[in-house]
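Student: Please take a close look at the packing in this model, and say which elements meet and through which residues. One connected account will do.

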Amino acid sequence: MDLLAIFITLVFGHSLVSGRLERTIITAPIVFTAGGMLAFLFLPALPQRPVSFEAFLRMAEVGLVLLLFTDASRTDLGVLKNIRNLPVRLLSTGMLVTILLGGLGALVVFPELSLWEAGILAAILAPTDAGLGQIIVNSPRVPRKIRQALNVEAGLNDGLSVPFLLFFIALAGVGADGPRASLTQFVVEQLGYGTLVGVGIGLVGGWLLGAAHARKFIAQSGQQLGVVALPLLCVLASEAVGASMFIAAFVAGLAVQVGFKEAGRHSVEFTEEWGQLLNLSVFFLFGLLVARAWDQFKPTLVLYALLSLTVVRMLPVAVALIGTGLSRATVLFMGWFGPRGLASIVLGLVYLEHQTHQPSEPTIRLAMMATVLLSIFAHGLTAMPGINAYARRLENSRPGVPEQEIAETNITECTTISSTQTKR
């Protein structure tokens with residue numbers, strides 16, 4: 001009860017100063033992760049209280065599903081048609097090289113891990129975080145082409161990581177049900193079924209919402225409730241057919257726009273706010289777990305975390321973007337801002353559900369925690385300075401670089417947003 005009271009109080013206190021904090025480098029994940037760590041320090045009874053990983057996993061999954069659906073429903077499908085090569089590059093070449101480098105780095109830093117256990121750690125830390133990257137995706141100072149590419153990458157790479165994770169778990173021999181089927185079967189079930197579930201729920205749900213809106217059958221509050229029901233339906237349907245709920249939610253967010261074009265503009269407030277609340281509760285509990293395991297962190301864990309956020313992320317992005325004509329500043333910006341957060345926490349919990357207390361479990365668990373913790377603070381504290389530096393670099397870049405094709409659009413967007421904020 002003390003823990004719940006602390007969290008609710010923190011939510012209220014953060015809401016009071018949220019506007020001021022948005023103009024600083026202190027992000028909400030930083031506040032709530034630090035809050036969880038401080039709660040452990042100042043409540044002496046907490047170390048003896050077990051944390052339900054099942055409840056923690058469910059909370060994290062639902063929060064991530066809501067956030068992915070919201071991000072997808074706000075993604076401009078017209079823009080995606082023009083930049084489809086960037087997300088594909090990041091999700092194919094970029095992701096495969098990320099898992100490869102992550103696994104090789106794990107073998108070097110943690111020689112006690114087997115090849116497949118190193119793959120497990122690499123798959124857990126491969127996806128980027130849509131929530132931690134929101135400040136980048138929402139900033140009109142960053143070219144829309146770059147924002148949308150990072151948004152789509154963050155929306156899909158967690159679902160793409162699931163088949164690799166389960167496959168490595170099976171090969172490592174730590175699966176509770178023994179060896180699993182091939183990677184091909186996992187891809188079909190997780191990605192194929194997930195896409196079908198998302199397309200079906202998104203198209204049908206969007207058409208029904210659009211028809212009800214056109215005939216004025218639905219109130220504004222009803223639109224919000226209707227929208228929030230769709231990602232939750234994705235969770236239920238995905239569990240029924242063994243699909244990835246994350247892929248289903250993101251695809252549904254894209255598909256809902258076909259029948260209900262105003263979903264992203266008018267009807268995601270409820271989804272986003274409650275999804276954000278769930279996400280912040282996950283970061284709060286994550287901070288608590290980090291504090292409980294603080295004495296177990298070793299220099300090798302910090303070393304791997306640094307490698308994961310730099311070489312393991314930035315080199316694959318640079319390789320994936322070869323031939324795009326993007327400037328070095330853009331490649332560096334996209335490479336650095338690939339934060340690890342909620343998605344890695346969820347995949348780490350999925351691993352803990354499947355493992356059977358193997359000797360490698362503490363290493364994988366602690367390496368994930370160290371990387372996510374470092375990312376929360378490093379990417380949070382550098383987001384605003386990074387955006388400002390990147391925007392200045394683009395302003396001074398030579399004429400003709402691809403990013404300048406949408407410079408005028410960004411200026412107009414900045415003016416529109418500023419005008420809207422003034423009215424508010």
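Tutor: A crossing is called left-handed if the near helix is turned anticlockwise from the far one by less than a right angle, and right-handed if it is turned clockwise. Helices are DSSP runs of H or I with at least four residues, strands are runs of E with at least two, and both are numbered from the N terminus. The model is predicted, with local features requiring pLDDT of at least 70 and side-chain atom pairs counted only at pLDDT 80 or more, while totals for chains, interfaces and linings use all residues. Residue numbers start from 1 along each chain as its sequence is written, and side-chain values rest on heavy atoms, with hydrogens and water left out.

The protein chain has 19 helices and 0 strands. Of its 424 residues, 54% count as buried, where buried means under 20% relative accessible area, exposed over 50%, and partly exposed in between (1.4 Å probe, protein chains only). A contact is a pair of heavy atoms within 4.5 Å. Among contacts in the protein chain with a separation of 6 or more, 86% come from residues 24 or more positions apart.

Start with helix 6 (residues 115–124) and helix 8, whose axes come within 8 Å and cross at roughly 160 degrees. Axes are lines fitted to C-alpha atoms, for helices over the stretch in contact, and angles run from 0 to 180 degrees between N-to-C directions. Angles under 35 degrees count as roughly parallel, over 145 as roughly antiparallel, 65 to 115 as roughly perpendicular, and the rest as oblique. Helix 6 and helix 8 are therefore roughly antiparallel, and their crossing is left-handed. On the helix 6 side the contact is made by Trp116, Glu117, Gly119, Ile120, Ala123 and Ile124, and on the helix 8 side by Ser161, Phe164, Leu165, Phe168, Ile169, Leu171 and Ala172. These residues divide into 10 nonpolar, 2 polar and 1 charged. Here Ala, Val, Leu, Ile, Met, Phe, Trp, Tyr, Cys and Pro count as nonpolar, Asp, Glu, Lys and Arg as charged, and the others, Gly among them, as polar.

Ser360 sits in the loop between helix 17 (342–354) and helix 18, and is buried at a relative accessible area of 5%.

Helix 18 (residues 361–395) packs in turn on helix 16 (residues 328–336), at an angle of about 165 degrees and with the axes 11 Å apart. That pair is therefore roughly antiparallel as well, and the crossing of helix 16 and helix 18 is left-handed. Helix 16 contributes Ala329, Thr330, Phe333 and Trp336, which meet Ala378, His379, Thr382, Gly386, Ile387, Tyr390, Arg393 and Leu394 in helix 18. The residues of this contact comprise 7 nonpolar, 4 polar and 1 charged.

Trp336 has another partner, Thr310, which is also in contact with Leu315, leaving aside neighbours within four places in sequence. Thr310 lies in the loop between helix 14 and helix 15 and is partly exposed, with 29% relative accessibility. Its C-alpha atom is separated by 7.9 Å from that of Gly335, 25 residues apart along the chain.

Which residues of helix 15 (residues 311–320) are buried? They are Val312, Arg313, Pro316, Val317 and Ala320. These residues cover an arc of only 115 degrees around the axis, which puts them on the same side of helix 15; the arc is that of the directions from the helix axis to the C-beta atoms. An α-helix has 3.6 residues a turn, so residues three or four places apart point the same way. The cover over the buried residues of helix 15 includes helix 5 (85–109), helix 8 (144–172), helix 14 (299–309) and helix 16.

Two of those covering elements, helix 5 and helix 14, pack on each other at about 160 degrees, with axes 10 Å apart. Helix 5 and helix 14 are therefore roughly antiparallel, but here the crossing is right-handed. Gly102, Gly105, Ala106 and Val109 in helix 5 meet Thr300, Leu303, Tyr304 and Leu307 in helix 14. This contact has 5 nonpolar, 3 polar and no charged residues.
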